[in-house]
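Dear colleague,

Please find the structure below, together with its sequence.

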Amino acid sequence: MLVVRPVQPADLPALERLAGSATPRLTNLPAHRDRLEERIARSRQAFAGEVDFPGDEHYTFVLEDRERGEVVGTATVRAQAGAREAYYTYRQETLIHASQQLNVRREVQTLALSHEVSEASLLCALSLDARYKGTSAESLLRRARLMFIAQYPERFAEILAMAFPGYLDADGESPFWNSVGRHFFVRDYHEINYLAGVRSKSFIAEVMPQFPLYLALLTPQARAAIGREHPDHEAALAEMLAEGFLRSRHVDLFDAGPVIKGERERLATFRCAAWHPVRIRPAHALPDAEPAMVANQQLGDFRCVVARYALSPTGQLILSPEHADVLGVEEGRAVLAAPLALPSSDEFDPGYDEGEL
Ligand SMILES: NC(=[NH2+])NCCC[C@H](N)C(=O)O
């Protein structure tokens, strides 16, 4: 059985392993023991704290395979992307350069340094053991965070954001970095990615160019990478777009990977999530039903599993004793459930466009 729960100190070796195997390596999950230890401590503080509004809390979750007795994935929510230090992105802008005298009018695309995403809650630092890629475990790990946010809305912002790793070519080079950042940092993309994770980010403000970049002056390869995700993250991005997130004007500073945003009340998981009292029946007596994410309501002992969305005629969610045990719920207690399947993008209209975000 797979379960998502808050990270514990004993998970450190697993986090180190997951940080080391993420492709590409993630700034938000550096393979650095001290940083990971801090992350665990910080997460425990966030889950234990009394919080009335989003701040500097980082909530880190792990995915545990109970049969194997192994932690096989991790993911984090930062309550406010730029709580202590600003969260940096490039914002795509259009300028009109016109001259009546010469009878020219050109739309000019630029990228401007922005801190706008700082206010959003950030879903980040997801790494999953390769054996589970493309399975429901991956959806569970990615979306259990939404089940948590749905229960504790006061702890998070109305807008959720996610930054996807940007496009790297077959040699693992970032064409955007090579055309932009490299001129200022004189460092390789992977080196800078690691440094941004283990050091304070103030070096970004100090060294990155302060003026907007004109796209026309970048290499064609760099231009083509703007808003394009890393090939290994295509499926993940598609899933989050189906969830109701939208591509925004923002892209990553280093590799131009896409930043997506979602107004939380418009996301499928929030719209579909419902509370049900629990009824416990032996696994073989469970009616057939579609899979759902099912979460308990125990902040520091949060648990989220995939179970059948089997409802009794009176609206109770019928759980096996094993699932009830992992969730730590008795008969009659309430759990939050949401279908694992997402509406296909053509039938789901979130009812707003990127302009409003
Ligand atoms: N690809 C990267 N490592 N980007 C890190 C850039 C900074 C990031 N948006 C932040 O402010 O935390």
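H276 counts as buried because its relative accessibility is 9%; buried means under 20% relative accessible area, exposed over 50%, and partly exposed in between (1.4 Å probe, protein chains only). The model is a predicted one, in which local features need pLDDT of at least 70 and side-chain atom pairs count only at pLDDT 80 or more, while totals for chains, interfaces and linings use all residues. Residues are numbered from 1 along each chain as its sequence is written, and side-chain values use heavy atoms, with hydrogens and water left out.

H276 belongs to strand 11 (residues 274–280); helices (H or I, at least four residues) and strands (E, at least two) are DSSP runs, numbered from the N terminus. The side chains of H276 and Y309 are joined by a polar contact of 2.8 Å. A polar contact is a pair of N or O atoms within 3.5 Å; within protein, one must be able to donate a hydrogen and the other to accept it, and residues adjacent in sequence count only if both atoms are side-chain atoms.

Helix 1 (residues 12–21) has L12, A14, L15, L18 and A19 as its buried residues. These residues lie on the same side of helix 1, because they cover an arc of only 155° around the axis (the arc is that of the directions from the helix axis to the C-beta atoms). Their cover includes helix 2 (33–48), strand 2 (58–65), strand 3 (70–78) and strand 6 (121–128), where contact means heavy atoms within 4.5 Å.

Helix 6 (residues 189–198) is mostly covered, with seven of its ten residues buried. The buried residues of helix 6 pack against helix 2, helix 4 (175–179), helix 5 (182–185) and helix 7 (202–207).

Which residues have the most contacts inside the largest nonpolar core? They are Y59, F61, L63, M147, F148 and C304, in a core of 43 residues. A nonpolar core is a set of buried Ala, Val, Leu, Ile, Met, Phe, Trp, Tyr and Cys residues joined through side-chain atoms within 4.5 Å. Helix 3 (residues 136–151) supplies the largest share of this core, eight residues.

Finally, the residues around the ligand are T27, Y87, Y88, N193, K201, I204, D252, F254 and D255, each with a heavy atom within 4 Å of it. A polar side-chain atom of K201 lies 2.7 Å from an oxygen atom of the ligand. An N or O atom in the side chain of D252 is 2.8 Å from a nitrogen atom of the ligand.

Yours sincerely
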